[in-house]
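Here are my notes for anyone opening this one for the first time. Have the model on screen and follow along point by point.

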Amino acid sequence: MKIVMLGAPGAGKGTQAVNIAKEFGIPHISTGDIFRANIKNQTELGMKAKSYMDKGALVPDDITIGMLLDRIVDNDCKNGFVLDGFPRTIPQAESLKAALSLQDARIDHAIDIEVPDEVITKRMGGRRSCPKCGGTYHIAFNPPKKEGICDNCGTELVQRADDKPETVLERLKTYHDQTQPLIDFYRNEGVLTEVDGTKKPDEVLADILGALR
Ligand code: AP5
Ligand code: MG
């Protein structure tokens, strides 16, 4: 089961990818989470990525593609994976396709979570994230059981640096310019499923699982 999550920043890719990964026993791979972990550990990769992420721009393909292709050959990816935040450009999608075809494999499903920009800008201010396990919450729409604490691992939740309103607008612009064309890319591959991401999180999950089964 090799799955790609598509959708604008804040559409709910991370929220749903965690659940899909749990359901099928496959790893959830978020390029954004990998970059944030590198920033936290002050690695060279993290320092490079930070300057782009802070502006709401994409990290260049020459950094991102190699990092992701290295990750999906790890042992835990043998039965598949859920990619969250990759691919984000046509060259990324083409590189992934080429790498998988070398192993006689392909992306089985691309799930596009559709949410209008106005809904997204309202959501982002209330997002809280777990810096340890990547768990995602919302203070109003999806609160943790104990305020400010991750349900999964008990870590203190944080607000992401790129959730400032002006950066969110830049990320949306970047999405429409560079990532939205991937919807047609995967439609042409015959693997696209579009879901309404304005429903409640558990309803969105039910729609996705219905399509995957
Ligand atoms: P990344 O971390 O991937 O950020 P993003 O795509 O902007 O997406 P988000 O994580 O912001 O949103 P999401 O769709 O996961 O939504 P979530 O589930 O959190 O990337 C960050 C940066 O890294 C990029 O800007 C770029 O610079 C760089 N980068 C990463 N990958 C790259 C690549 N491949 N190439 C180049 N650069 C790359 O949900 C959002 C909020 O809404 C949460 O609070 C959640 O609780 C809430 N919510 C979720 N679902 C619902 C619902 N149904 N109803 C109400 N609220 C909901
Ligand atoms: Mg995310």
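**Notes on the model**

1. Start with Gly85. Leaving out residues up to four places away in sequence, Gly85 touches Met5, Lys13 and Thr31, where contact means heavy atoms within 4.5 Å. Gly85 sits in the loop between β3 (81-84) and α5 (90-102); helices (H or I, at least four residues) and strands (E, at least two) are DSSP runs, numbered from the N terminus. With 8% relative accessibility, Gly85 counts as buried, since buried means under 20% relative accessible area, exposed over 50% and partly exposed in between, using a 1.4 Å probe and protein chains only. Gly85 and Thr179 are 94 residues apart in sequence, yet 9.7 Å apart in space, C-alpha to C-alpha.

2. A word on ground rules. This is a predicted model, so local features need pLDDT of at least 70 and side-chain atom pairs count only at pLDDT 80 or more, while totals for chains, interfaces and linings use all residues. Residues are numbered from 1 along each chain as its sequence is written, chains are lettered from A and ligands numbered from 1 in the order in which they are written, and side-chain values use heavy atoms, with hydrogens and water left out.

3. Most residues other than glycine have a negative phi, and most peptide bonds are trans. Phe86 and Pro87 are joined by a cis peptide bond, with omega about -5°, and Pro87 lies in the loop between β3 and α5. Gln42 is not a glycine but has a positive phi of about 50°; look for Gln42 in the loop between α2 (31-40) and α3 (44-55), exposed at a relative accessible area of 63%. Asp104, also not a glycine, has a positive phi of about 60°. Asp104 is in the loop between α5 and β4 (109-114) and is exposed, at 79%.

4. Which residues have the most contacts inside the largest nonpolar core? They are Met5, Leu83, Leu96, Tyr186 and Ile208, in a core of 44 residues. A nonpolar core here is a set of buried Ala, Val, Leu, Ile, Met, Phe, Trp, Tyr and Cys residues joined through side-chain atoms within 4.5 Å. Helix α9 (residues 201-212) gives the most to this core, with 5 residues. A second, separate core has 6 residues, among them Ala49, Met53, Val59 and Ile63. Back to Tyr186: setting aside neighbours within four places in sequence, its contacts include Val4, Leu6, Pro87, Leu96 and Ile107.

5. Next, a helix pair. The axes of α6 (residues 117-124) and α7 (residues 165-179) come within 10 Å and cross at roughly 145°; axes are lines fitted to C-alpha atoms, for helices over the stretch in contact, and angles run from 0 to 180 degrees between N-to-C directions. On the α6 side, the contact is made by Asp117, Ile120, Thr121 and Met124, and on the α7 side by Val168, Leu169, Arg171, Leu172 and His176.

6. Cys133 counts as partly exposed, at 38% relative accessibility.
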